[in-house]
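Colleague: Can you take me through this one? I have the sequence and the model open.

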Amino acid sequence: MNRYIVPMSLLGSAVGGAVLLRDYVAGGACPSKATIQGKTVIVTGANTGIGKQTALELARRGGNIILACRDMEKCEAAAKDIRGETLNHHVNARHLDLASLKSIREFAARIIAEEEKVHILVNNAAVMRCPHWTTEDGFEMQLGVNHLGHFLLTNLLLDKLKASAPSRIINLSSLAHVAGHIDFDDLNWEKRKYNTKAAYCQSKLAVVLFTKELSRRLQGTGVTVNALHPGVARTELGRHTGMHSSTFSSFTLGPIFWLLVKSPQLAAQPSTYLAVAEELEGVSGKYFDGLKEKAPAPEAEDEEVARRLWAESARLVGLKMS
(Lines give C-alpha, C1' and ligand atoms only; values in the text may rest on other atoms or scores of the structure.)
Protein backbone atom coordinates (compact mmCIF):
# COMPACT_ATOMS: atom_id res chain seq x y z
CA MET A 1 0.00 0.00 0.00
CA ASN A 2 1.39 3.42 -0.95
CA ARG A 3 1.69 5.89 1.88
CA TYR A 4 1.89 9.60 1.33
CA ILE A 5 3.56 11.54 4.12
CA VAL A 6 2.95 15.30 4.22
CA PRO A 7 5.93 17.17 5.67
CA MET A 8 5.02 19.07 8.85
CA SER A 9 6.43 22.28 7.38
CA LEU A 10 4.04 22.02 4.43
CA LEU A 11 1.11 21.17 6.68
CA GLY A 12 1.96 24.13 8.91
CA SER A 13 2.12 26.44 5.90
CA ALA A 14 -1.26 25.22 4.65
CA VAL A 15 -2.91 25.71 8.04
CA GLY A 16 -1.28 29.09 8.48
CA GLY A 17 -2.39 30.15 5.01
CA ALA A 18 -5.95 29.05 5.73
CA VAL A 19 -5.99 31.07 8.97
CA LEU A 20 -4.70 34.14 7.12
CA LEU A 21 -7.37 33.66 4.44
CA ARG A 22 -10.07 33.32 7.09
CA ASP A 23 -8.91 36.49 8.86
CA TYR A 24 -8.72 38.36 5.54
CA VAL A 25 -12.25 37.31 4.61
CA ALA A 26 -13.58 38.12 8.08
CA GLY A 27 -11.74 41.44 8.46
CA GLY A 28 -8.77 42.25 10.62
CA ALA A 29 -7.96 43.79 13.97
CA CYS A 30 -8.82 47.33 14.96
CA PRO A 31 -6.09 49.48 13.36
CA SER A 32 -6.29 52.16 16.06
CA LYS A 33 -4.04 51.99 19.12
CA ALA A 34 -5.92 54.83 20.87
CA THR A 35 -6.64 54.50 24.58
CA ILE A 36 -9.71 55.76 26.44
CA GLN A 37 -8.26 56.16 29.90
CA GLY A 38 -10.95 57.15 32.39
CA LYS A 39 -13.77 57.33 29.83
CA THR A 40 -17.08 55.77 30.80
CA VAL A 41 -18.43 53.15 28.39
CA ILE A 42 -21.76 51.33 28.37
CA VAL A 43 -22.04 48.09 26.36
CA THR A 44 -25.44 46.41 26.15
CA GLY A 45 -25.65 42.63 25.90
CA ALA A 46 -22.08 42.38 27.20
CA ASN A 47 -22.26 39.07 29.06
CA THR A 48 -21.35 37.00 26.00
CA GLY A 49 -20.27 37.08 22.36
CA ILE A 50 -19.41 40.32 20.57
CA GLY A 51 -20.62 42.45 23.47
CA LYS A 52 -18.33 40.78 26.00
CA GLN A 53 -15.36 40.96 23.65
CA THR A 54 -16.06 44.64 22.90
CA ALA A 55 -16.20 45.37 26.63
CA LEU A 56 -12.92 43.49 27.11
CA GLU A 57 -11.19 45.38 24.28
CA LEU A 58 -12.32 48.73 25.69
CA ALA A 59 -11.35 47.72 29.24
CA ARG A 60 -7.84 46.94 27.94
CA ARG A 61 -7.71 50.51 26.65
CA GLY A 62 -8.43 51.96 30.06
CA GLY A 63 -12.18 52.61 29.99
CA ASN A 64 -14.58 52.53 32.92
CA ILE A 65 -16.84 49.79 31.58
CA ILE A 66 -20.50 49.20 32.44
CA LEU A 67 -21.87 45.86 31.24
CA ALA A 68 -25.64 46.24 30.75
CA CYS A 69 -27.35 42.83 30.67
CA ARG A 70 -30.62 41.05 31.41
CA ASP A 71 -29.07 38.00 33.11
CA MET A 72 -27.19 39.38 36.12
CA GLU A 73 -25.52 36.10 37.02
CA LYS A 74 -23.90 35.92 33.59
CA CYS A 75 -23.23 39.66 33.62
CA GLU A 76 -21.38 39.50 36.96
CA ALA A 77 -19.38 36.51 35.72
CA ALA A 78 -18.42 38.37 32.52
CA ALA A 79 -17.37 41.45 34.50
CA LYS A 80 -15.21 39.27 36.75
CA ASP A 81 -13.62 37.60 33.69
CA ILE A 82 -12.82 40.97 32.11
CA ARG A 83 -11.39 42.40 35.34
CA GLY A 84 -9.18 39.33 35.67
CA GLU A 85 -7.96 39.35 32.07
CA THR A 86 -7.33 43.10 31.76
CA LEU A 87 -6.44 43.95 35.39
CA ASN A 88 -8.82 46.88 34.94
CA HIS A 89 -10.96 46.95 38.07
CA HIS A 90 -13.32 49.58 36.67
CA VAL A 91 -15.62 46.98 35.08
CA ASN A 92 -19.10 46.70 36.57
CA ALA A 93 -22.36 44.86 35.88
CA ARG A 94 -25.75 46.57 35.74
CA HIS A 95 -29.20 45.14 35.09
CA LEU A 96 -30.88 46.09 31.81
CA ASP A 97 -33.71 44.22 30.10
CA LEU A 98 -34.27 45.77 26.67
CA ALA A 99 -37.57 43.91 26.39
CA SER A 100 -38.95 46.05 29.23
CA LEU A 101 -39.48 49.81 28.99
CA LYS A 102 -39.64 49.91 32.79
CA SER A 103 -36.23 48.26 33.07
CA ILE A 104 -34.73 50.63 30.48
CA ARG A 105 -36.02 53.68 32.36
CA GLU A 106 -34.70 52.34 35.66
CA PHE A 107 -31.27 51.62 34.16
CA ALA A 108 -31.05 55.07 32.56
CA ALA A 109 -32.12 56.78 35.79
CA ARG A 110 -29.39 54.93 37.71
CA ILE A 111 -26.73 55.85 35.15
CA ILE A 112 -27.77 59.50 35.20
CA ALA A 113 -27.66 59.55 39.00
CA GLU A 114 -24.42 57.61 39.50
CA GLU A 115 -22.20 58.47 36.53
CA GLU A 116 -20.68 61.90 36.08
CA LYS A 117 -20.05 61.25 32.37
CA VAL A 118 -20.94 58.78 29.63
CA HIS A 119 -18.53 58.98 26.72
CA ILE A 120 -19.33 55.86 24.70
CA LEU A 121 -22.61 53.94 24.30
CA VAL A 122 -22.40 50.66 22.39
CA ASN A 123 -25.89 49.41 21.55
CA ASN A 124 -24.85 45.81 20.97
CA ALA A 125 -27.59 43.58 22.41
CA ALA A 126 -29.86 41.77 19.96
CA VAL A 127 -32.13 38.82 19.38
CA MET A 128 -32.16 37.03 16.05
CA ARG A 129 -34.87 34.97 14.37
CA CYS A 130 -36.62 34.00 17.58
CA PRO A 131 -40.15 32.56 17.62
CA HIS A 132 -43.09 34.97 17.57
CA TRP A 133 -42.49 36.38 21.02
CA THR A 134 -43.50 39.78 22.37
CA THR A 135 -41.82 42.06 24.86
CA GLU A 136 -43.24 43.00 28.24
CA ASP A 137 -44.90 45.98 26.54
CA GLY A 138 -46.37 43.99 23.65
CA PHE A 139 -43.83 44.76 20.91
CA GLU A 140 -42.64 42.09 18.49
CA MET A 141 -39.48 40.85 20.22
CA GLN A 142 -36.89 41.56 17.51
CA LEU A 143 -38.15 45.08 16.83
CA GLY A 144 -38.60 45.66 20.55
CA VAL A 145 -35.10 44.66 21.62
CA ASN A 146 -33.01 45.44 18.55
CA HIS A 147 -34.55 48.84 17.81
CA LEU A 148 -37.15 50.19 20.24
CA GLY A 149 -35.24 49.29 23.40
CA HIS A 150 -32.05 50.95 22.21
CA PHE A 151 -34.05 53.88 20.79
CA LEU A 152 -35.46 54.64 24.24
CA LEU A 153 -32.20 53.96 26.09
CA THR A 154 -30.21 56.25 23.82
CA ASN A 155 -32.71 59.07 24.04
CA LEU A 156 -32.82 58.85 27.84
CA LEU A 157 -29.01 59.11 27.98
CA LEU A 158 -28.65 61.86 25.36
CA ASP A 159 -28.31 64.74 27.82
CA LYS A 160 -25.56 62.85 29.67
CA LEU A 161 -23.79 62.06 26.38
CA LYS A 162 -24.03 65.70 25.27
CA ALA A 163 -22.62 66.88 28.59
CA SER A 164 -19.72 64.44 28.11
CA ALA A 165 -18.90 65.49 24.53
CA PRO A 166 -17.02 64.55 22.50
CA SER A 167 -18.91 61.29 22.87
CA ARG A 168 -19.92 58.44 20.61
CA ILE A 169 -22.87 56.11 20.04
CA ILE A 170 -22.30 52.85 18.16
CA ASN A 171 -25.35 50.94 16.93
CA LEU A 172 -24.89 47.33 15.83
CA SER A 173 -26.98 46.56 12.77
CA SER A 174 -26.44 43.77 10.25
CA LEU A 175 -25.94 43.16 6.55
CA ALA A 176 -29.43 41.65 6.80
CA HIS A 177 -30.82 45.19 6.81
CA VAL A 178 -30.55 45.19 3.00
CA ALA A 179 -33.41 42.66 2.88
CA GLY A 180 -35.49 44.66 5.35
CA HIS A 181 -38.55 46.85 4.82
CA ILE A 182 -40.31 49.09 7.34
CA ASP A 183 -43.99 48.18 7.29
CA PHE A 184 -45.64 51.12 9.04
CA ASP A 185 -49.04 49.45 8.76
CA ASP A 186 -47.89 46.46 10.81
CA LEU A 187 -44.56 47.15 12.53
CA ASN A 188 -45.28 44.62 15.26
CA TRP A 189 -46.57 41.77 13.07
CA GLU A 190 -50.09 41.87 14.48
CA LYS A 191 -51.89 41.54 11.13
CA ARG A 192 -49.62 39.30 9.05
CA LYS A 193 -48.41 35.74 9.41
CA TYR A 194 -45.17 36.00 11.35
CA ASN A 195 -41.94 35.69 9.38
CA THR A 196 -39.00 35.61 11.77
CA LYS A 197 -36.39 36.32 9.07
CA ALA A 198 -38.30 39.32 7.72
CA ALA A 199 -38.87 40.61 11.26
CA TYR A 200 -35.14 40.41 11.97
CA CYS A 201 -34.28 42.24 8.74
CA GLN A 202 -36.85 44.95 9.51
CA SER A 203 -35.38 45.46 12.99
CA LYS A 204 -31.84 45.83 11.64
CA LEU A 205 -32.99 48.27 8.94
CA ALA A 206 -34.67 50.26 11.71
CA VAL A 207 -31.30 50.48 13.48
CA VAL A 208 -29.66 52.11 10.44
CA LEU A 209 -32.58 54.51 9.92
CA PHE A 210 -32.45 55.44 13.62
CA THR A 211 -28.72 56.11 13.27
CA LYS A 212 -29.28 58.42 10.29
CA GLU A 213 -32.04 60.45 11.94
CA LEU A 214 -30.25 60.66 15.30
CA SER A 215 -27.11 61.91 13.56
CA ARG A 216 -29.14 64.67 11.91
CA ARG A 217 -30.59 65.69 15.27
CA LEU A 218 -27.18 65.66 16.97
CA GLN A 219 -25.41 68.01 14.57
CA GLY A 220 -23.34 70.53 16.48
CA THR A 221 -23.58 68.72 19.85
CA GLY A 222 -20.24 66.91 19.78
CA VAL A 223 -22.03 63.55 19.91
CA THR A 224 -21.59 61.21 16.94
CA VAL A 225 -23.52 58.08 16.04
CA ASN A 226 -22.68 55.38 13.52
CA ALA A 227 -24.07 51.96 12.62
CA LEU A 228 -22.12 48.86 11.71
CA HIS A 229 -22.32 45.31 10.49
CA PRO A 230 -19.80 43.39 12.62
CA GLY A 231 -19.79 40.34 10.39
CA VAL A 232 -21.28 36.92 11.04
CA ALA A 233 -19.87 35.61 14.29
CA ARG A 234 -19.91 32.36 16.25
CA THR A 235 -22.08 33.58 19.12
CA GLU A 236 -25.30 32.69 20.96
CA LEU A 237 -27.18 35.16 18.73
CA GLY A 238 -27.80 32.43 16.16
CA ARG A 239 -29.27 29.95 18.61
CA HIS A 240 -32.76 30.20 17.05
CA THR A 241 -31.59 29.67 13.45
CA GLY A 242 -30.98 25.92 13.72
CA MET A 243 -27.41 26.23 12.48
CA HIS A 244 -25.93 24.76 15.65
CA SER A 245 -28.11 21.66 15.65
CA SER A 246 -28.17 20.91 11.93
CA THR A 247 -26.03 17.98 10.77
CA PHE A 248 -25.99 19.42 7.24
CA SER A 249 -24.71 22.75 8.53
CA SER A 250 -22.08 21.15 10.74
CA PHE A 251 -20.57 18.71 8.24
CA THR A 252 -21.37 20.08 4.79
CA LEU A 253 -21.12 23.79 5.40
CA GLY A 254 -18.66 23.58 8.29
CA PRO A 255 -15.51 24.39 6.25
CA ILE A 256 -17.28 27.36 4.60
CA PHE A 257 -18.44 28.68 7.98
CA TRP A 258 -14.90 28.29 9.33
CA LEU A 259 -13.70 30.63 6.59
CA LEU A 260 -16.54 33.14 6.65
CA VAL A 261 -17.71 33.21 10.27
CA LYS A 262 -15.75 35.35 12.70
CA SER A 263 -14.75 34.62 16.24
CA PRO A 264 -16.40 36.99 18.76
CA GLN A 265 -12.98 38.57 19.31
CA LEU A 266 -12.61 39.41 15.61
CA ALA A 267 -16.24 40.51 15.32
CA ALA A 268 -15.70 42.98 18.18
CA GLN A 269 -13.00 44.85 16.28
CA PRO A 270 -15.38 47.13 14.29
CA SER A 271 -17.21 48.23 17.46
CA THR A 272 -13.87 48.90 19.12
CA TYR A 273 -12.68 50.86 16.10
CA LEU A 274 -15.77 53.08 15.99
CA ALA A 275 -15.48 53.66 19.74
CA VAL A 276 -11.83 54.71 19.90
CA ALA A 277 -10.34 55.68 16.52
CA GLU A 278 -9.09 59.25 16.55
CA GLU A 279 -9.53 59.48 12.78
CA LEU A 280 -13.29 58.97 13.24
CA GLU A 281 -13.67 62.04 15.45
CA GLY A 282 -16.64 63.96 14.04
CA VAL A 283 -17.69 61.17 11.65
CA SER A 284 -21.43 60.59 12.10
CA GLY A 285 -24.47 59.10 10.42
CA LYS A 286 -22.41 56.49 8.57
CA TYR A 287 -22.73 52.74 8.07
CA PHE A 288 -19.67 50.53 8.40
CA ASP A 289 -19.28 47.00 7.07
CA GLY A 290 -16.57 45.72 9.36
CA LEU A 291 -13.85 48.36 9.45
CA LYS A 292 -14.86 50.03 6.18
CA GLU A 293 -17.48 52.71 5.62
CA LYS A 294 -20.01 51.60 2.99
CA ALA A 295 -23.33 52.77 1.61
CA PRO A 296 -26.28 51.03 3.28
CA ALA A 297 -29.42 49.81 1.48
CA PRO A 298 -31.40 52.51 -0.41
CA GLU A 299 -34.30 52.40 2.08
CA ALA A 300 -31.82 53.06 4.88
CA GLU A 301 -30.95 56.37 3.18
CA ASP A 302 -34.58 57.53 2.91
CA GLU A 303 -34.85 60.62 5.15
CA GLU A 304 -38.65 60.63 5.14
CA VAL A 305 -38.80 57.00 6.25
CA ALA A 306 -36.24 57.78 8.97
CA ARG A 307 -38.27 60.72 10.29
CA ARG A 308 -41.50 58.72 10.20
CA LEU A 309 -39.88 55.79 12.01
CA TRP A 310 -38.53 58.15 14.68
CA ALA A 311 -41.99 59.59 15.31
CA GLU A 312 -43.63 56.16 15.47
CA SER A 313 -40.87 54.78 17.71
CA ALA A 314 -41.24 57.73 20.09
CA ARG A 315 -45.00 57.14 20.23
CA LEU A 316 -44.60 53.43 20.95
CA VAL A 317 -42.10 53.88 23.80
CA GLY A 318 -43.83 56.94 25.27
CA LEU A 319 -41.06 59.41 24.50
CA LYS A 320 -41.97 63.08 24.14
CA MET A 321 -41.19 64.41 20.67
CA SER A 322 -38.77 67.31 20.35
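Modeller: We can start with the sheet and then turn to a loop residue. This is a predicted model, where local features need pLDDT of at least 70, side-chain atom pairs count only at pLDDT 80 or more, and totals for chains, interfaces and linings use all residues. Residues are numbered from 1 along each chain as its sequence is written, and side-chain values use heavy atoms, with hydrogens and water left out.

Colleague: What order do the strands of the open sheet have?

Modeller: The order is β3-β2-β1-β4-β5-β6-β7-β8, with mixed pairing. Strands are DSSP runs of E with at least two residues, helices are runs of H or I with at least four, and both are numbered from the N terminus. Two strands pair if DSSP finds at least two bridges between them.

Colleague: Which strands stand at the edges?

Modeller: β3 (91-95) and β8 (292-294). Each has a single partner strand, so one side of each is left without a neighbour in the sheet.

Colleague: And how do β1 and β4 pair?

Modeller: In the parallel sense, over three bridges, with β1 at residues 40-44 and β4 at residues 120-123. Val43 stands opposite Val122 in β4.

Colleague: New topic. Where is Ala277, and is Ala277 buried or exposed?

Modeller: Ala277 is in the loop between α10 (269-276) and β7 (287-289). Ala277 has 0% relative accessibility, so Ala277 counts as buried; buried means under 20% relative accessible area, exposed over 50%, partly exposed in between (1.4 Å probe, protein chains only).

Colleague: What is Ala277 in contact with?

Modeller: Ser32 and Arg168, leaving aside neighbours within four places in sequence. Contact means heavy atoms within 4.5 Å.
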